[in-house]
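Welcome! Take a look at the picture, and then read on.

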Amino acid sequence: MLQNGYKKPLFTTPKPVALRNNRSALENGEFVVQEIEKLLNKSCIERCTSKPKVFNPLTVASSKTKQRLVWDARHINPHLLKYKQKYENASVSNRRLFFLV
């Protein structure tokens, strides 16, 4: 659980919920514990004394050679403030450059 260090801009408050870890995290429990220990040792996360209002599940993404611990935040995604951002394609950029010359 990230208590004070990871804050996303919310426009609505999610209802309190404690979601279970995904099957991949449950099946790879030893890996999950090792990764959490690493994060604790690096001070990336801290143990908290009170139960969080929203407990997002963990999942393990696996490839042939590597596993990754993933924090599944899908539950809070609908509550996030969304910023509009336009990604221009090459034709728009080329037209702008043409007018500048």
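Let us begin with how the chain meets itself. Among contacts between residues at least 6 apart in sequence, 67% join residues at least 24 apart. Please keep in mind that this is a predicted model.

The protein has three helices and four strands. Read from the N terminus, these elements follow the order β-α-α-β-β-β-α. Of the 101 residues, 21% count as buried. The accessible surface comes to about 8,900 Å², and carbon and sulfur atoms account for 55% of that surface.

## The nonpolar core

Which residues make up the largest nonpolar core? There are five of them: Ala25, Phe31, Val32, Leu58 and Val60. Helix 2, spanning 29-41, and strand 3, spanning 58-62, each supply at least two residues of this core. As a general background, nonpolar side chains in soluble globular proteins tend to be buried together.

Setting aside its neighbours within four places in sequence, Ala25 is in contact with Val32, Leu58, Thr59 and Val60.

## Helix 2

Helix 2 has 13 residues, and from its first C-alpha to its last it reaches 18 Å. That is close to the 18 Å expected at 1.5 Å a residue.

The buried residues of helix 2 are Phe31, Val32, Glu35 and Leu40. They pack against helix 1 (23-27), strand 3 and strand 4 (67-71). Two names on that list, Phe31 and Val32, also belong to the nonpolar core.

## A hairpin of two strands

Now turn to strand 3 and strand 4. They form a hairpin, with four residues between them. Their pairing is antiparallel and runs over five bridges. To follow one of these pairings by eye, find Ala61: its bridge partner in strand 4 is Arg68.

## Salt bridges

How many salt bridges are there in this model? The count comes to two.

One of them joins the side chains of Glu35 and Lys38, with an N to O distance of 3.1 Å. Both residues lie in helix 2, three residues apart, about one turn of the helix. Glu35 is among the buried residues of the helix, whereas Lys38 is partly exposed, with a relative accessible area of 45%.

Asp72 and Arg74 form a salt bridge too, and their closest N and O atoms are 2.6 Å apart. Is Asp72 buried or exposed? Asp72 has a relative accessible area of 10%, so it counts as buried. Arg74, with a relative accessible area of 58%, is exposed.

## A histidine in a loop

Our last stop is His79, found in the loop between strand 4 and helix 3 (90-100). Although it sits in a loop, His79 is buried, because its relative accessible area of 18% falls under the 20% cut-off.

What does His79 touch, leaving aside its neighbours within four places in sequence? His79 is in contact with Pro9, Leu10, Phe11, Thr12, Thr13 and Pro14.

Key. Residues are numbered from 1 along each chain as its sequence is written. This is a predicted model: local features need pLDDT of at least 70, side-chain atom pairs count only at pLDDT 80 or more; totals for chains, interfaces and linings use all residues. Side-chain values use heavy atoms; hydrogens and water are left out. A nonpolar core is a set of buried Ala, Val, Leu, Ile, Met, Phe, Trp, Tyr and Cys residues joined through side-chain atoms within 4.5 Å. Buried means under 20% relative accessible area, exposed over 50%, partly exposed in between (1.4 Å probe, protein chains only). Contact means heavy atoms within 4.5 Å. The expected span of a helix is 1.5 Å times one less than its number of residues. Two strands pair if DSSP finds at least two bridges between them. Accessible areas come from the Shrake-Rupley method with a 1.4 Å probe; for residues, only the protein chains shown count as cover. A salt bridge is a side-chain nitrogen of Lys or Arg within 4 Å of a carboxyl oxygen of Asp or Glu.
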